[in-house]
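Reader: Could you take me through the cavity lining and the helix packing here, with the criteria behind each value?

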Amino acid sequence: MSASPLIARTVPALRRAVDNLRKRKATIALVPTMGALHDGHVSLVRLAKRRASRVVVSIFVNPTQFAPTEDFGAYPRTWKADIAKLAAEDVDIVWHPSVAAMYPEGFATRIAPEGPALAGLEDRFRPHFFGGVATVVGKLFTQVRPDVAIFGEKDFQQLRVVTQMARDLDLGVKVIGSRTVRERDGLAMSSRNVYLSPEERQTAIVLYHAMRESAGRIRAGDSIAPAMAGGADMVKAAGLVLDYYEVRHAETLAPVSSRKDGPLRILVAAKLGTTRLIDNMAV
């Protein structure tokens with residue numbers, strides 16, 4: 001049986017633990033999470049183990065990236081199961097701060113990202129979101145001081161935002177994206193999938209099929225507009241409410257008009273009942 005990881009709950013305890021690893025010439029990978037771990041998170045940990053000799057996983061449900069109307073209080077928290085999964089993967093340190101430890105009284109500094117954070121995708125519907133993400137990830141990077149950090153491609157705009165931030169602020173962290181892990185029927189794994197009823201769970205796979213349809217048509221030479229319109233119609237016909245269904249440049253997230261504009265990525269966000277789902281796919 002694998003040993004449980006060291007659990008740090010304060011910044012001084014975390015830094016002592018990380019310093020002990022550094023004294024042994026370890027390279028360190030950070031996997032930031034909000035807990036409620038599933039196989040997608042496990043894939044991030046396994047990639048981290050291939051890219052560094054020691055792994056730190058943070059578990060912190062970050063309040064600054066939730067709007068008052070969103071699900072901060074209800075967000076799934078599965079601490080015992082999470083630790084069991086991380087122990088099975090031989091994770092070295094779990095960084096599990098309280099809100100007070102991460103944002104102590106008098107906290108007054110925030111990061112305001114631009115560039116891919118203002119692409120008109122998630123930011124159009126959740127204008128608070130990337131400021132909260134950038135601030136907490138910036139703190140995680142300075143707290144852990146990892147060599148590499150692993151983020152899932154499912155949150156594709158977030159990956160682009162964090163990559164840009166680390167580069168612009170010279171944080172000394174190489175940000176690595178890990179491919180989206182899917183259920184057998186194609187649904188992207190997400191902690192929020194637990195909110196779906198059995199019927200909604202079956203309906204949700206339309207996002208995957210729509211993106212495959214649009215991507216296949218674009219690869220085959222169809223114009224972007226009709227290819228994307230066809231996929232959007234599939235999603236709406238299944239009863240989901242679309243926030244966006246767009247194809248963008250895969251690096252800059254800038255709008256594109258043809259396949260010749262560069263590497264492309266389809267990005268989608270839609271509501272199914274009370275659950276908001278996001279996904280993306282390379283073209």
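Author: By class, the lining of the largest cavity holds one polar, two charged and four nonpolar residues, where Ala, Val, Leu, Ile, Met, Phe, Trp, Tyr, Cys and Pro count as nonpolar, Asp, Glu, Lys and Arg as charged, and the others, Gly among them, as polar. This is a predicted model, in which local features need pLDDT of at least 70 and side-chain atom pairs count only at pLDDT 80 or more, while totals for chains, interfaces and linings use all residues. Residues are numbered from 1 along each chain as its sequence is written, and side-chain values use heavy atoms, with hydrogens and water left out.

Reader: Which helix gives the largest share of the lining of the largest cavity?

Author: A cavity is a set of points on a 1 Å grid over the protein atoms alone where a 1.4 Å probe fits but cannot get out, and lining residues have an atom within 4 Å of a point. The lining consists of L37, H41, V42, V45, K85, L86 and E89. Both α2 (39–51) and α3 (79–88) supply at least two residues of it, helices being DSSP runs of H or I with at least four residues. The largest share, three residues, comes from α2.

Reader: How is α1 oriented relative to α6?

Author: Helix α1 (residues 11–23) packs against helix α6 (residues 129–144) at about 50 degrees, their axes lying 9 Å apart. Axes are lines fitted to C-alpha atoms over the stretch in contact, and angles run from 0 to 180 degrees between N-to-C directions. Angles under 35 degrees count as roughly parallel, over 145 as roughly antiparallel, 65 to 115 as roughly perpendicular and the rest as oblique, so α1 is, relative to α6, oblique.

Definitions and conventions: 1 Å grid on protein atoms, 1.4 Å probe; cavity = no way out; pocket = protein on both sides within 12 Å on 5 of 7 lines; lining within 4 Å.
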